[in-house]
Amino acid sequence: MTLFENSLRTALLISVPWAPPSSFGRLSATLVELIDVFPTLLGLAGLKPTPGVVLDGRDMGGVLFGTGGGGARSSFRFLPFYNEPAYV
């Protein structure tokens, strides 16, 4: 395992104060990507995207509240690693 692998699999922690108590401390193995954060925040705020705007991510609010959502999904990441010195 490399540092790149660890950076791809990170925990997503979201606190929703108005969530029902049954969803507190809920764990899910659902695959969520960073592109899902914006549509999820829109959904939690009760907002919809501007008409005609297509969002790449999905609203994962159903996963947060345990009412479904997410569904089957696969993810592909390409992280090139070249044998070149890194400069900081």
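Here is a walk through the structure shown above, from the whole chain down to a few of its residues.

The model is predicted, so local features are taken up where pLDDT is at least 70, side-chain atom pairs count only at pLDDT 80 or more, and totals for chains, interfaces and linings use all residues. Residues are numbered from 1 along each chain as its sequence is written, and side-chain values use heavy atoms, with hydrogens and water left out.

Let us begin with confidence. The score called pLDDT is the predictor's confidence in each residue, from 0 to 100. The mean pLDDT of the protein is 76, and 66% of its residues reach 70 or more. Among the elements, helix α1 (residues 3–8) has the lowest mean pLDDT, at 56, while helix α2 (residues 37–44) has the highest, at 90. Where pLDDT is low, the predicted coordinates should not be read in detail.

Now for the overall layout. The secondary structure comes to 3 helices and 0 strands, in the pattern α-α-α along the sequence. Helices (H or I, at least four residues) and strands (E, at least two) are DSSP runs, numbered from the N terminus. Of the 88 residues, 17% count as buried; buried means under 20% relative accessible area, exposed over 50%, and partly exposed in between, with a 1.4 Å probe and protein chains only. The protein exposes about 7,400 Å², and carbon and sulfur atoms supply 62% of that area. These areas come from the Shrake-Rupley method with a 1.4 Å probe, and for residues only the protein chains shown count as cover. Contacts, meaning heavy atoms within 4.5 Å, also tell us how the chain comes together: of those with a separation of 6 or more, 55% are between residues 24 or more positions apart.

After α2 comes G46, which has a positive phi near 75 degrees.

Within α2, find T40. T40 is buried because its relative accessible area is 4%. Setting aside neighbours within four places in sequence, T40 is in contact with R58, D59, M60, G61 and L64. With R58, the backbone oxygen lies 3.5 Å from a polar atom of the T40 side chain.

Next, step back to the loop between α1 and α2, where R26 lies. R26 is partly exposed, since its relative accessible area is 37%. Leaving out neighbours within four places in sequence, R26 is in contact with V63, L64, F65 and G66. From R26 to V63 there are 37 residues in sequence, and their C-alpha atoms are 9.3 Å apart.

G25 is found in this loop too, and G25 counts as exposed because its relative accessibility is 76%.

L31 is partly exposed, with a relative accessible area of 37%, whereas E33 counts as buried at 12% relative accessibility. L31 and M60 are 29 residues apart in sequence and 9.9 Å apart from C-alpha to C-alpha. For E33 and L12, 21 residues apart along the chain, the C-alpha separation is 9.0 Å.

Definitions and conventions. A polar contact is a pair of N or O atoms within 3.5 Å; within protein, one must be able to donate a hydrogen and the other to accept it, and residues adjacent in sequence count only if both atoms are side-chain atoms.
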